[in-house]
Amino acid sequence: MEIVTKNRGKGLSFGTKLAIVFLFIAILPMSIVSYYSLVNCRQELGKFAGSELISLSRATAYSIDQLLLENQRNSATLAGFPLAIQFLSRSVQDREALIPRIHQEFENYLEHHPDWNTPGFMDAKGIIQVVLDKNLVGEDRSYRNYFHASMNGSPFISDILLGRVTRKPGIFLTHPVKTKQGKILGINVVWLKADPIWDIIDHVKVGKKGIGYLIDHEGVIIAHPHRELLYHSLGDLHPDVVSTISSTFCYGTVQGTTAPYLPERLGMESLAAHIAVSQDPDTFRYFSPRDHQYHVVGYFPLEKKAWTVVVDLPESQFLAPLKRLEKITYMSIGAVVIISILISFFLSRNFSRPIRSLTTAAAGIKSGRMFDPDTIADITSGKDEIACLGRAFSSMVQSLQQSEEKYRILVENSPDIIYRTDLDGIITFISSSVYRLSGYAVSEAIGMKITDSAFFNLEEKALFLYQLQQTDLVNDFEAQLKRKDGTVWWASINSYFTMDKDGKRSGVEGIVRDITERREKEHAQREWKAAQAANHAKSVFLATMSHEIRTPLNVLLGFIELLSVDLKNPRQERYLDAMKLAGKSLLTLINDILDISKIEAGKMGFIYAPVNLDSVFAEIESIFNEKISGKGIGFEVDLPEDPSSPLMLDKARIRQILLNLVGNAAKFTEKGRIKLSAQQQPTQDPDRIDLTIRVEDTGPGIEKNALDSIFESFKQVDGTINRHPGGTGLGLAICKKLTEAMNGQIRVTSQTGLGSTFFVCFKDVQRVSDSIKKKIIAEPADNRCPSCFEKKKILVVDDIESNRFMIRELLIRFNQDVVEAGNGQEALMMAKENPPDLIIMDTRMPVMDGDQATRLLKLDAHTKHIPIIAFTGDVVSRTRTGGVKKGYDGYLTKPIKVQDLTDELSKYIKRVNS
């Protein structure tokens with residue numbers, strides 16, 4: 001056994017540590033004082049710079065305010081000329097004689113006001129009556145906000161806009177033209193060029209790099225010394241602002257197109273947000289993405305307009321003196337460091353020998369040699385601090401040995417594989433968990449080449465080795481590994497090169513963790529998301545199909561309602577009743593097809609009420625009687641002994657099931673008969689029975705191999721579809737889902753060539769007792785005489801002419817005046833020109849849909865009071881609550897019912913006695 005004697009270690013000597021202590025004692029106070037002083041200087045410089053920036057922005061804002069005020073006064077002077085009042089007071093024919101004199105006045109003003117352009121007068125309707133550019137005479141500007149502001153008696157200053165005629169930036173200055181009695185005859189409009197405002201901004205200079213610029217209330221730059229930054233937004237614009245810009249072209253159009261120019265963002269969101277919420281002058285520090293340094297700004301709002309003058313200064317410009325002071329401070333600290341090092345090494349020479357002995361012993365232990373406590377006996381025998389250190393060192397060696405044992409136990413019991421290889425990839429150490437995860441015993445794994453035995457995929461192996469060679473480290477590398485039995489598992493690998501004392505690669509160490517369970521969960525999550533996407537696509541399809549089917553059905557049922565009021569012939573009334581019954585059944589069929597998604601999601605609601613089977617069977621017989629009798633086959637109905645005894649069922653869903661089953665039988669049966677029957681079996685509870693409904697036919701039957709699949713969606717029996725084209729294959733699937741959702745069962749028996757029998761079974765159906773029968777209130781008869789209302793004007797908006805015609809006929813019978821529009825854009829124009837008392841708006845139309853038109857009408861002060869009733873066939877995605885959120889006041893669905901229309905009109909139009 002080799003015993004460690006005196007051998008100097010390579011760690012920090014006592015002298016070095018003492019030098020560090022001296023450095024700490026000497027430098028820390030000086031550093032704190034220096035840091036405190038520099039921070040205070042920075043703060044004071046920042047306050048001074050901010051104060052100067054606010055003062056400069058205040059002076060610039062005042063100059064712009066004075067410029068706007070002076071030009072506004074001149075505009076008011078022009079509006080107050082007697083000639084202007086005389087001109088606007090006369091008729092159109094009498095104004096011609098005054099136009100030359102007014103032109104002369106305009107030219108005189110332009111000589112004294114070179115910053116003006118195209119002064120003119122508008123009449124009280126917003127029509128341009130006189131202007132130097134004759135091409136503009138007669139144009140309507142009543143939609144402009146400056147026209148409405150001045151017609152209300154107030155002068156107006158617009159934002160900086162691109163003139164549609166001049167194509168140059170400028171400002172509209174308007175002033176009302178009034179008589180002595182205060183009557184407003186029209187307005188005066190003057191176009192002030194943006195150049196004088198830009199000149200003021202261009203003269204704002206702070207040092208070499210400080211500049212000023214002007215922003216509007218949306219944070220868009222409207223004046224800047226660098227013209228390429230004009231009409232750029234400091235931060236992101238709100239979507240409502242983008243919509244407003246798109247409708248006003250306030251920043252012009254994209255070159256070569258008619259598309260509105262939308263400001264590009266400069267990435268200064270923090271500055272834009274701070275100015276937007278601040279109501280008073282202030283300063284702000286932000287990081288500019290344009291030059292990648294911090295800036296300080298001072299800003300001041302104008303009084304005449306909602307604009308803000310911003311003076312911007314790079315922080316480095318006013319902090320330059322402070323940088324020089326910091327350099328001097330660091331040089332002083334460096335001198336103190338050198339002096340402290342010299343003093344500390346001089347003092348440490350008499351105290352470092354015992355420490356060197358301890359470091360030599362520690363180095364021997366590190367290299368794996370046996371430690372002999374006698375080698376430091378001269379240190380540990382004393383009573384000073386060094387002796388205490390020696391005794392602690394001996395105790396530490398024992399602790400290290402115990403820690404090494406604990407580490408070995410942790411490695412052996414780790415759930416992950418911990419391994420070590422040489423540079424050739426040969427395993428030199430591996431933990432016992434390798435057997436549990438890979439099936440190899442430790443003795444088998446030692447000596448194997450890990451890259452040959454572990455990886456399942458050659459591409460993953462090549463990528464792992466490439467990353468390890470390039471970066472010396474691989475983290476969370478996921479790959480499929482092979483077990484001894486050939487099965488595959490997912491692992492996350494962390495590996496790195498180990499280095500020898502010369503800094504050269506000596507091998508590889510790493511950890512392999514089993515992530516098979518996590519990967520399976522991720523795979524399941526991806527499949528779930530794919531299913532969600534497919535479900536969403538189905539919902540979109542159902543929503544579209546709902547609208548497209550309900551639109552023509554709305555016309556059919558609407559005109560049936562109208563004919564029901566006009567016809568008095570009993571025979572024709574029976575025809576209409578049959579048509580109405582068939583239409584309602586078709587509507588129920590459409591609703592149930594659309595509700596299949598609700599059934600699958602478990603969200604289908606059922607309404608149980610007393611139902612008489614004889615009335616349901618009679619409806620089915622009435623619907624299919626003509627089709628069945630036309631084929632020359634029989635239709636039989638077999639009811640229980642007491643069919644009139646009501647049962648608690650969902651009538652709509654029972655009818656839907658029978659419509660599908662009897663419809664299939666009528667479709668495929670060419671001879672023989674169809675039989676619809678019901679049987680009731682008593683149960684232990686006298687108030688409940690077991691109900692079985694059977695639909696039998698003598699059709700071609702169903703092959704045995706198809707019986708298991710006929711209730712699946714989009715499935716049809718082979719052969720039958722060739723003889724009877726059409727059908728979606730959803731009918732029997734809907735029957736099965738509805739039956740099971742009501743806790744029932746459906747099954748089928750069939751013989752090829754002889755026919756099929758479908759059984760619909762419900763257990764424990766509640767019978768309606770006599771006490772409940774007395775409480776049943778008969779449904780009121782249809783009121784074929786529509787209620788009368790006060791005469792109002794109603795605008796009907798629908799892109800389908802037959803829909804508009806049907807609704808118009810209904811409303812005329814309700815004593816209403818009706819006007820029509822074919823899309824949302826037409827509705828907007830008609831509502832503004834001649835506002836109606838009520839609007840019935842289709843939600844889906846070309847050019848402009850109902851949702852967009854409703855939003856714009858509700859934003860307009862002149863039309864927002866008009867009630868708007870949504871008229872839609874999309875019952876899947878739209879609800880009354882959703883309609884209210886989109887701005888509608890009411891809600892009607894296609895096909896329309898007279899009672900629904902009466903109830904909705906009653907909310908907005910007063911009834912009168914007919």
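Guide: Relative accessible area under 20% counts as buried, over 50% as exposed, and anything in between as partly exposed, using a 1.4 Å probe and protein chains only. The model discussed here is predicted, so local features need pLDDT of at least 70 and side-chain atom pairs count only at pLDDT 80 or more, while totals for chains, interfaces and linings use all residues. Residues are numbered from 1 along each chain as its sequence is written, and side-chain values use heavy atoms, with hydrogens and water left out.

Visitor: How many salt bridges does a search of the whole structure find?
Guide: Side chains of opposite charge can pair when their charged atoms come close. The criterion for a salt bridge is a side-chain nitrogen of Lys or Arg within 4 Å of a carboxyl oxygen of Asp or Glu. Searched across the whole structure, the number of salt bridges is 30.

Visitor: Is glutamate 139 buried, partly exposed or exposed?
Guide: The side chain of glutamate 139 meets that of arginine 141 in a salt bridge, at 2.6 Å from N to O. Arginine 141 counts as buried because its relative accessibility is 12%. Glutamate 139 has a relative accessibility of 29% and therefore counts as partly exposed.

Visitor: Which helix holds glutamate 444?
Guide: Helices (H or I, at least four residues) and strands (E, at least two) are DSSP runs, numbered from the N terminus. Glutamate 444 forms a salt bridge with lysine 484, their closest N and O atoms being 2.8 Å apart. This pair links distant parts of the chain, 40 residues apart, with lysine 484 in the loop between strand S17 (473–482) and strand S18 (488–499) and glutamate 444 in helix H15.

Visitor: Is aspartate 860 buried or exposed?
Guide: Aspartate 860 forms a salt bridge with lysine 832, the closest N and O atoms being 3.7 Å apart. Because aspartate 860 lies in the loop between helix H28 (850–859) and strand S31 (868–872) and lysine 832 in helix H27 (residues 824–833), the pair ties together parts that are 28 residues apart in sequence. Lysine 832, with a relative accessible area of 51%, is exposed, whereas aspartate 860, with 19%, is buried.

Visitor: At what angle do helix H22 and helix H24 pack?
Guide: Two packed helices are described by the angle between their axes and the distance between the axes. Axes are lines fitted to C-alpha atoms, for helices over the stretch in contact (heavy atoms within 4.5 Å), and angles run from 0 to 180 degrees between N-to-C directions. For helix H22 (residues 651–668) and helix H24 (residues 731–741), the axes are 9 Å apart and the angle is about 150°.
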